[in-house]
Structure formats: structure tokens, C-alpha cells
Amino acid sequence: MNNTKHSNDSKYDMHYLQLLATSFPNIAAASTEIINLEAILNLPKGTEHFLADLHGESAAFKHVIKNASGNIRRKVSELFAGDIRDKERRELCTLIYYPEEKLELIKAAETDLDDWYHITIHRLVAVCRDVSSKYTRSKVRKSLPEEFAYIIEELLHERTEDIDKAAYVSVIVDSIISTGRADDFICALCNVIQRLAIDQLHILGDIYDRGAGAHIILDTLRQYHSWDIQWGNHDILWMGACAGNNACICNVLRLSLRYANLATLEEGYGINLVPLATFAMETYGDDPCEEFVPKLLTGNTLDEKTVRLIAQMHKAIAIIQFKKEAHIFKRRPQWQMEDRCLLDHIDYERGICMIDGKEYEMKSNNFPTINPDNPCELTGEEYILMEKLHHSFRVCEKLQKHIKMILSHGCMYSICNQNLLFHASCPLNEDGSLKEVELYDGKSYSGKELMHNIGILIRAAFESDTEKELRLYARDYFLYLWCGKDSPLFDKSKMATFERYFLTDKTTYKEEKGNYFRLRDSEVVCDRILDAFDVKGENRHIINGHVPVHASKGENPIKANGKLMVIDGGFSEAYHSETGIAGYTLVYHSRGFQLVQHEPFKSAREAIERGTDIKSTTQLVELSAHRMLVADTDRGKELQSQIDDLRQLLFAYRHGILKESK
């Protein structure tokens, strides 16, 4: 260590050392902390899990984090291979995933419950010991439930193979059973195993849309020990709705109606859809609304009357959406999106839409709420309806809490352990250079600065002390992030929602992807992006979601010679036929990267009753030349910095620069 630094203490250094001395008042305290931190640096790196595009599939999401993407099953198989039958291993795994529910079934069928308790507790302790082995005792202790912390800690660090401690361990287990606490203890132990199996959870966007359980996912994350999110386009849409952007509110409602997914709106957030239903029935009662019949997912069986009502509601909110979007596009001409005000381009007498000087035939021409002289003007009834819907979103306490949680745990991008995480894209020019995108007040940014400043703009929409004009712009900007050409969350030539609903010519449906998606297979381009974000190291990567990987057609999620990993494998059922699988988990542990490919999850009930699990296959992506330690991580760099500071403090104590305290 270079002591020159210490002999030239600046006032800042002395002030800092004096502050540090309040926590470590003497040589003994500082030395003990150095020993502790250096020991932590030599533990194996914690396991990170990366998930993307959950799209409200709460049952599959909860199961994946309960089974640690198949990691718990693998550990159980390794621990008990040759000792217990496959059926017993499956039963043990199911107990770990769903302890309360599985215990009820076991107690109803088991003839010698005390014996089962003895065997099971010892097996669970063995699994818990294995998953906790890469953590300090202190970290494990913090993960333990208070009422059983001492008992679990004793069992984890004492073994029945030790003859001197065998009786001690046996009595602990006997006492747990005899006092009637076995069920509670087993549940506590299973929850600890689940928690320790994943050290950090990264979600690369899109919790919302399609599936019925986005609110359940967020309730689950609210209790989760360590997670972060890189916002996706559907998250931004809900954030915009929560902030009061009426065009975003319309889009949220339209997409929910498109998939007949009203559970998140009505049951999750208590959004009152009665005014919309009433308006739709009165306005479109004689309209077949064929283009707006919802896409029903498996298990969503609705009667004909309900499907017709949803189709009417779907059309009603879509028309209002096109009007509200046009208001914003005209208000923000710098976005250059006024060409998307397509209601202005319809010949309502002929049923023709004019786009780029060419006439296109429309599928239908029934627009009872549109005034041809001012197509984007809301009728009085539409205005009142939007006021009610706006109020429902703004006063929903649960939605506000969930969005605040997404804000506090998230951002547009993140850099973690040499991995650059963002949901969709980084806008590029045709030659692969980073594209300058105008944000606000004529200022343009690219790459890291673009992502960072978008994050600031998003937060400005929710901060009460934001200057009024900026806050209004920030609220409008959610719509640009959703469908703007140079948005890092969209990055396409257009969003052809109107064309798909109303035009017969399918060539108009095409949405040209941006340059990022065209060039992301290039290692040179990926390196350029990583350099722009200041991501260092030989084994650095970009990790994305957003665009489903067509695994059934042979598409490889690993691109650019391993520099880019696309982990949207289609969690949502709506994508299963397209991707051929049901999602990916990217796992980054001390040995390297593994990509876990999941098949569709049937149900928690079937998992509990039959011991079924998500079938997953694992692909090795990249193995490290050595087992990675905490010292190799970002956290390790922070700890090393703390160690360096403590060594300065030791120097100050030993050379009389600072006096020790008791």
C-alpha cells in the first residue's frame, strides 16, 4: 500500500477519516471490519436471474422465482441422487415451492406424520445449507424469519454426522415437532431456501399487458428481497396512464379489451369500466364491430353477449384513443408525428383513407362520434367518459403505489457486473453510430445520456415541484416513448394500430424496425454501444428483451458473437405459438452464464397435486475461466474501496494522526 497519500492528508481526507472513525473508533474495530470484508471478497459470486417481458403472467412468474428457474430442482437432484426416489425428490421440490398448500395434502394422506416431519426437516436443512453456502453467516441470518432464526442457524451449522452433536440436533427437531410448530418451521425453511437461491433479480421490462396478473407480480415484488427493473414500453404506457396522460389511458384500456383481459383493471386496480360499457352499448349497439372482437387466450371462455360487449367497448376506446393521440401529436410538432393523425385523412362519404398520396379502402365506415369537419374533436359524451376514466386512474391508490415502486426500483437502463441492461433498443444511425434524439427544449442526446435524461424526464411527470410546462411535456412524452419513431422503447417507423383495425391492404400494416434491430448482430456495433455506456471488461454484454425470439424457427437468442443476449422468449401465452417456448431466464452465477428455456406452465394447482414443474432446458452461454468471486463484481469493487479507506484509518491511528477511542 502506498503511504504517500497518508503523509499528505488534505482537509477533505481528514474530515472523511474523522467521520469514518465514528463507526470504527479504534484499531481493533477497523481491523475486524477489514478482515470481515476481505473474507466476503473471497466468497463465490451471488446468483443473478434476468427475466424479461412477463406480460402479466403471474402464475408462471411466481413459479419461476419459487423454483429459481429450475436451480432448486437441480440442487435437490444432486444432493439426494441415489438416496431417494425421483418421486420423493419431486415431492420435496413441490414442498419447497408451495409449502402451505403441499403440507395440507401431505397431512391428509400421511399415516406416520411425525416420521415424515423428521425426514423432511433434515432434507430441507440439507438443501438450505447448500443454497446458503456462498453467503456470509451474517447475510444468511438477515434472511431468516425472526421466530426461527436461532433454530435454523443452529441446524445449518451442526450436522448429525458429528457424533458429539447428533443428539443435540435430534432434540431440536423433536422439540419442533412436539411443540406443534413443525408446519410453521417447514414453511419458514422453504421460504428461506427460495430467498437464498436467487441473490438478485433483474426484470428487463414489460410487467404489464396481455396476462391477467400484472398487479399480482407487483404485489409479489413488493415483498421480494432484491430486484430492479429496466422499464419496458408497456410499463411506460401504464406509468403514463397513472400520470394522467389520456392517450396512454386509452391505450391501456384498448390493449386490455383486445385480449379480454379485464382482471388487472377491475379486480387488480378497481378501475370502473361501467361508464365505458354504457357508452359503447349506446353508441355502437348496431355495429358488428368485427375488427374489434377480442383475442381469447386459452381458458378465457366468454359467452357471445360478453364478447360482443367487449368488442363495442374496444372500438369505442380505440376511436377516442386516435383522437387523444392526435391532440398530442399536433401539440408537439417537434415529434414529427402529425402524419399519424389518420382520422384527418379519411373520406367519410367514400370510406377511403388517404396515406402518402395513395387511397386505401377501409374495412368499415361507421363512425357515429366523428365530425368529418373536425374528426379529432371529442363529442360531449366522449369528453365526459374520458373525465371519468381519467379520475379512476388518478385516484387508484394501489396503481399509484405500484407505479411508485416501479419508479423507485427502475430506470431506462442499468449496468451491473459488466452487463448493460435495457428493454428494447439504443437508437442508431444507418451506419451504426449512436443517433442524436431531441428530448426537450431543443436539446438532443444519444446513448447513455439519452437514456439518463429520458429517466429524468419520466420522473418529472410525477414530481409536484416540477415547473408546469416541463411537467406537461413530460406527461405527453409517455406517448412518444410508446410509439415514437426514435423512442428507445419502440424504435420502429410507425405503430400501425389504425391500419390493422381499419384498412384492407395488409401492406400498410408493416412496421419497419429501427437500425438497432437491423445491426444488433454486429459485434462491432455492440462494442460501440458498450463503449458509449462506459461498460468495461473483456466479458461484457448487452442484455435485452422486447422482441420475442422465434426459437421454434431456429432463431438464436445469443447474438453478436456472444456480446448480445435477447431473453424475450414469450412468457405471455399470446406469444407461445409464435416463439414455440414460454420464456427464458438468463442465470449468471459464479461459473458463468446459463440460458434456461421454459415450456408453458400449466398451473400451481397441478404442480402442488401432481408434483409437476415447469419443464426447462439449460444452454451454457459462457463459462468463466475461474469461479467468480464477490471480488470480481461491482459489489466487490465497493467493498475493496471500503477496505482501502479502512486501511487509511488504520494508518492514521498507528501514526498518531487520529486518536483511538474506546
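Mentor: The axes of helix 3 (residues 27-41) and helix 28 (residues 634-654) come within 9 Å and cross at roughly 155°. Axes are lines fitted to C-alpha atoms over the stretch in contact, with angles from 0 to 180 degrees between N-to-C directions.

Trainee: What makes helix 3 roughly parallel or antiparallel to helix 28?

Mentor: Under 35 degrees counts as roughly parallel, over 145 as roughly antiparallel, 65 to 115 as roughly perpendicular, and the rest as oblique. The crossing is at roughly 155°, so helix 3 is roughly antiparallel to helix 28.

Trainee: What kind of model is this?

Mentor: This is a predicted model, in which local features need pLDDT of at least 70 and side-chain atom pairs count only at pLDDT 80 or more, while totals for chains, interfaces and linings use all residues. Residues are numbered from 1 along each chain as its sequence is written, and side-chain values use heavy atoms, with hydrogens and water left out.

Trainee: Which hand does the crossing of helix 3 and helix 28 have?

Mentor: The crossing of helix 3 and helix 28 is left-handed (near helix turned anticlockwise from the far one by less than a right angle; clockwise is right-handed). By class, the contact has twelve nonpolar, four polar and four charged residues.

Trainee: How do you know how helix 4 and helix 13 lie relative to each other?

Mentor: The axes of helix 4 (residues 58-66) and helix 13 (residues 214-222) cross at roughly 25°. Helix 4 and helix 13 are therefore roughly parallel. Their crossing is right-handed. Ser58, Phe61, Lys62 and Ile65 in helix 4 meet Ile216, Ile217, Thr220 and Leu221 in helix 13.

Trainee: What makes strand 4 and strand 5 a pair?

Mentor: Two strands pair if DSSP finds at least two bridges between them. Strand 4 and strand 5 (residues 352-355) have two bridges, in the antiparallel sense. Asp347 stands opposite Ile352 in strand 5.

Trainee: Why are strand 4 and strand 6 called edge strands?

Mentor: The open sheet has the order 4-5-6. Strand 4 (346-347) and strand 6 (358-361) each pair on one side only.

Definitions and conventions:
Helix = DSSP H or I, 4+ residues; strand = E, 2+ residues; numbered from the N terminus. Contact = heavy atoms within 4.5 Å. Nonpolar A, V, L, I, M, F, W, Y, C, P; charged D, E, K, R; others polar.
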